[in-house]
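Hi,

Here is the structure I said I would pass on.

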Amino acid sequence: MYAQMVDTGLNKVVDASQMSPQEQAFQARIDADVKVEPRDWMPEAYRRTLVRQIQQHAHSEVVGQLPEGNWVTRAPTLKRKAILMAKIQDEAGHGLYLYSAAETLGVSRDDLIDDLHAGKVKYSSIFNYPTLNWADIGAIGWLVDGAAIMNQIPLCRCSYGPYARAMVRICKEESFHQRQGFDIMMAMCRGSADQKAMAQDALDRWWWPSLMMFGPSDAESVHSAQSMRWKIKLLSNDELRQRFVDQTVPQAEYLGLRVPDPALRWNAQSGHYETGPIDWAEFQAVLRGHGPCNRDRIRVRKEAWDDGQWVREAAMAHARKRAERESRAAA
């Protein structure tokens, strides 16, 4: 989800007979659920795939602050403002954890951020949609963070140790974010008729983009199949999306809201909800940079990066001076 359509660089899933003895030993460790650590040998394609996935995930966490940051000054109460600020701070922390995990693979954080600003690397499509009113903040927490948890909990068991360990804390904080969003929606649904209408409107606009977050079906994808073999990815896009739908539809019913899908129905035989077709043309357009807020999101990120240059330089100068003092004291 936060690494939509990651390319492994391989044209087909590598068969054991085509692996070198070193690659076979590496795959055997993964099959035995032994974590891969930064100093361990790994195939170059495995390393590149991890870099792509983790950096897309990190960029998504950082860019994901922007739709909500717009509402810090307009939150309806002081309590809601404090909660929203804490959530945005969490997202910044998630980005830092993930950039740190990516750096263990031998890449520079500055290079990763340059790739984002240059449009070479994507972030989750969901963050290119606007937050038009306070109900959107509730919908983001309930739907977007709910989808994030669905995707991220399996990543706590992924094969790369630093990524898996970072996800443990991230998932705990994301569960707070989901509850925060659902609490906003519940308050609005229990409020006036206008407030409930706002909640319904937010659900209408965020439902389909939330389903798109998981990406198209990867049943025929070589890249997804290889990532799953390496246990970088543990469940398919369709499996994750189905879990999200099954969890979220009853929550919408509890709120008294209508899921905006006329084809939605419960299949008693399968034990799952069935949904209508997703507009993948919209998804592809947003990924290509044609979403409602693509240009604005990158513009704001570039401005923030440039404005923060003096802070980074001051922090580095302070670190150098501290290291020099400690070196002199030890001499």
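Which helix holds glutamine 27? It sits in helix H1, which spans residues 21-31. Before I go on, please keep in mind that this is a predicted model.

**Around glutamine 27**

Glutamine 27 is buried, since its relative accessibility is 5%. Setting aside neighbours within four places in sequence, the residues in contact with glutamine 27 are Met19, Arg229 and Trp230.

**Lysine 231 and aspartate 33**

Next, have a look at lysine 231, in the loop between helix H9 (222-229) and H10. Along the chain, lysine 231 is 201 residues from isoleucine 30, yet their C-alpha atoms are separated by 7.2 Å. If you leave out residues up to four places away in sequence, lysine 231 touches Ile30, Asp31, Asp33, Cys158 and Ser159. With one of these, aspartate 33, there is a polar contact from side chain to side chain, at 2.6 Å.

Aspartate 33 itself is in the loop between H1 and helix H2 (44-63). At 56% relative accessibility, aspartate 33 counts as exposed. Both partners have a backbone detail to check on your screen: lysine 231 has a positive phi of about 60° without being a glycine, and aspartate 33 also has a positive phi of about 60°, again without being a glycine.

**Cysteines**

Cysteine 171 is buried, at 10% relative accessibility. For cysteine 158 the closest cysteine sulfur is also in cysteine 156, but at 8.4 Å, again too far for a bond. Cysteine 158, one of the residues that lysine 231 touches, is buried at 0% relative accessibility.

**Two helix pairs**

How do H7 and H10 run relative to each other? The axes of helix H7 (residues 161-189) and helix H10 (residues 237-255) come within 10 Å and cross at roughly 30°. An angle under 35 degrees counts as roughly parallel, so H7 is roughly parallel to H10. On the H7 side the contact is made by Gln178, Phe182, Met185, Met186 and Cys189, and on the H10 side by Gln251, Tyr254 and Leu255. Sorted by class, that contact has six nonpolar residues, two polar ones and no charged ones.

The other pair is H5 and H12, which pack with their axes 10 Å apart at an angle of about 145°. Here Asp110, Ile113, Leu116 and His117 of H5 meet Ile298, Arg301, Lys302 and Trp305 of H12. By class, the contact of H5 with H12 has four nonpolar, one polar and three charged residues.

**H11 and H12**

Helix H11 covers residues 280-290, and its buried residues include Phe283, Ala285, Val286 and Leu287. Among the elements that cover the buried residues of H11 are helix H8 (193-212) and H12. At the N-terminal end of H11 there is a cap from aspartate 279, with a side-chain oxygen 3.2 Å from the backbone nitrogen of alanine 281.

H12 (residues 294-307) contains aspartate 296. Is aspartate 296 buried or partly exposed? With a relative accessible area of 32%, aspartate 296 is partly exposed.

**Asparagine 133**

Last, please look at asparagine 133, in the loop between helix H5 (109-117) and helix H6 (134-155). Asparagine 133 is buried, with a relative accessible area of 15%. A polar atom of its side chain lies 3.0 Å from the backbone nitrogen of alanine 135. Not counting residues up to four places away in sequence, asparagine 133 touches Trp71, Met198, Asp201 and Arg205.

That is what I have for now.

Best wishes

Methods
Residues are numbered from 1 along each chain as its sequence is written. This is a predicted model: local features need pLDDT of at least 70, side-chain atom pairs count only at pLDDT 80 or more; totals for chains, interfaces and linings use all residues. Side-chain values use heavy atoms; hydrogens and water are left out. Axes are lines fitted to C-alpha atoms, for helices over the stretch in contact, and angles run from 0 to 180 degrees between N-to-C directions. Helices (H or I, at least four residues) and strands (E, at least two) are DSSP runs, numbered from the N terminus. Angles under 35 degrees count as roughly parallel, over 145 as roughly antiparallel, 65 to 115 as roughly perpendicular and the rest as oblique. Contact means heavy atoms within 4.5 Å. Ala, Val, Leu, Ile, Met, Phe, Trp, Tyr, Cys and Pro count as nonpolar, Asp, Glu, Lys and Arg as charged, and the others, Gly among them, as polar. Buried means under 20% relative accessible area, exposed over 50%, partly exposed in between (1.4 Å probe, protein chains only). A disulfide is a pair of cysteine sulfur atoms within 2.5 Å. A polar contact is a pair of N or O atoms within 3.5 Å; within protein, one must be able to donate a hydrogen and the other to accept it, and residues adjacent in sequence count only if both atoms are side-chain atoms.
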